[in-house]
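Q: Can we go through this model together? I would like to start with charged pairs and then move on to other features.

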Amino acid sequence: MHDDDDGYFDERVAARYDESGEISGMFQPALVDPVVDLLVELAGRGRALELGIGTGRIALPLAQRGVPVHGIELSKAMVARLRAKPGGGDIGVTIGDFATTTVDGTFSAVYLVFNTIENLTTQAAQVACFRNVAAHLEPGGYFLIEVGIPELQRLPPGETVRAFHVSESRWGLDEYDVATQGLTSHHFEIVDGRVERVSIPFRYAWPSELDLMAQLAGMRLRDRWGGWKREPFTSDSRKHVSVWEKPSESV
Ligand SMILES: C[S@@+](CC[C@H](N)C(=O)[O-])C[C@H]1O[C@@H](n2cnc3c(N)ncnc32)[C@H](O)[C@@H]1O
């Protein structure tokens, strides 16, 4: 299904990533600008590290706002698309798994957007990621995550599959395995008259579990919002934007 070196975001996925229906709206200034505004504030005068930098959807406009950005990314195919964009050659990227890969120096902000924490499909890997982040943060630095709330309230009892997109030429199905906190997103699309399928496994985690991971890594929750415009986080929120802080004093 995919090139092992590049993970699930291999050449086939990378070639269509920016244009694909579920992603293209995510490049709109109305969505990107509030993300960048918040990250500029969190980074202050320091550097930012993006885990899973992809094709630079957020990193490029953040760098344009004057924040030095470095990325960690598994997929060379995704990074090739970043490199091909204006300013993409100026952003440092380390190829590797963001749960364990280290880079030189420290950062005032580390961020992991667009559900990408859930690309780590075991609890151990997610815990390792929080620890890796803490090791890269300067004291007083911030770790930001944007991730969806598992849609279990919308899954009828006994069912495991929920459609998240249905149109003439594309279908998206989320398949839940509640026992393992597993979630596989199946994407089907008609391309040149053929159905193409991409299925990507995730491990979902509730906000409280992420807080515990942060605690294990010596960080504490500073803010949790229901969206990028700092909407309140409530029982009806479909996602959360959470910021943990590495305390200034040693922990
Ligand atoms: C949904 S894309 C998000 C890309 C970008 N952050 C954005 O907002 O458009 C997830 C990215 O994370 C990368 N990725 C997934 N798991 C990873 C891992 N364990 N280590 C490094 N990169 C990973 C994928 O290759 C992909 O480029």
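Q: Which residue forms a salt bridge with Arg 81?
A: Arg 81 pairs with Glu 11, and the closest N and O atoms are 2.8 Å apart; a salt bridge here is a side-chain nitrogen of Lys or Arg within 4 Å of a carboxyl oxygen of Asp or Glu. Because Arg 81 lies in helix α5 (residues 76–83) and Glu 11 in helix α1 (residues 11–16), the pair ties together parts that are 70 residues apart in sequence. Helices (H or I, at least four residues) and strands (E, at least two) are DSSP runs, numbered from the N terminus.

Q: Before I go on, what should I keep in mind about this model and its numbering?
A: The model is predicted, so local features need pLDDT of at least 70 and side-chain atom pairs count only at pLDDT 80 or more, whereas totals for chains, interfaces and linings use all residues. Residues are numbered from 1 along each chain as its sequence is written, and side-chain values use heavy atoms, with hydrogens and water left out.

Q: How many salt bridges are there in the whole structure?
A: A search of the whole structure finds 14 salt bridges. Another one joins Glu 146 and Lys 239, with the closest N and O atoms 2.5 Å apart. That pair links distant parts of the chain, since Glu 146 is in strand β5 (residues 137–148) and Lys 239 in strand β11 (residues 239–245), 93 residues apart.

Q: Is Glu 146 buried or exposed?
A: Glu 146 is buried, with a relative accessible area of 5%, while Lys 239 is partly exposed at 24%. Buried means under 20% relative accessible area, exposed over 50%, and partly exposed in between (1.4 Å probe, protein chains only).

Q: And what about Glu 151, which residue is its salt-bridge partner?
A: Glu 151 forms a salt bridge with Arg 162, the closest N and O atoms being 3.2 Å apart. Glu 151 lies in the loop between β5 and β6 (161–166) and Arg 162 in strand β6, so this pair ties together parts that are 11 residues apart in sequence. Glu 151 counts as buried at 16% relative accessibility, and Arg 162 as partly exposed at 21%.

Q: Where does Asp 174 lie, then?
A: Asp 174 is in strand β7 (residues 170–177). Asp 174 is buried yet has no salt bridge, and the nearest side chain of opposite charge, Arg 162, is 6.1 Å away; Lys and Arg count as positive and Asp and Glu as negative, with His and the chain ends not counted.

Q: Which side chain makes a polar contact with Asp 174?
A: The side chain of Ser 185 does, at 2.5 Å. A polar contact is a pair of N or O atoms within 3.5 Å; within protein, one must be able to donate a hydrogen and the other to accept it, and residues adjacent in sequence count only if both atoms are side-chain atoms.

Q: Changing topic, what is the phi of Phe 114?
A: Phi of Phe 114 is near 60 degrees, a positive value in a residue other than glycine, and Phe 114 sits in the loop between β4 (107–112) and α6 (123–136). Asn 115 lies in the loop between β4 and α6, and its phi is near 65 degrees, again a positive value in a residue other than glycine. Most residues other than glycine have a negative phi. Phe 114 is partly exposed, with a relative accessible area of 24%, and Asn 115 counts as partly exposed at 27%.
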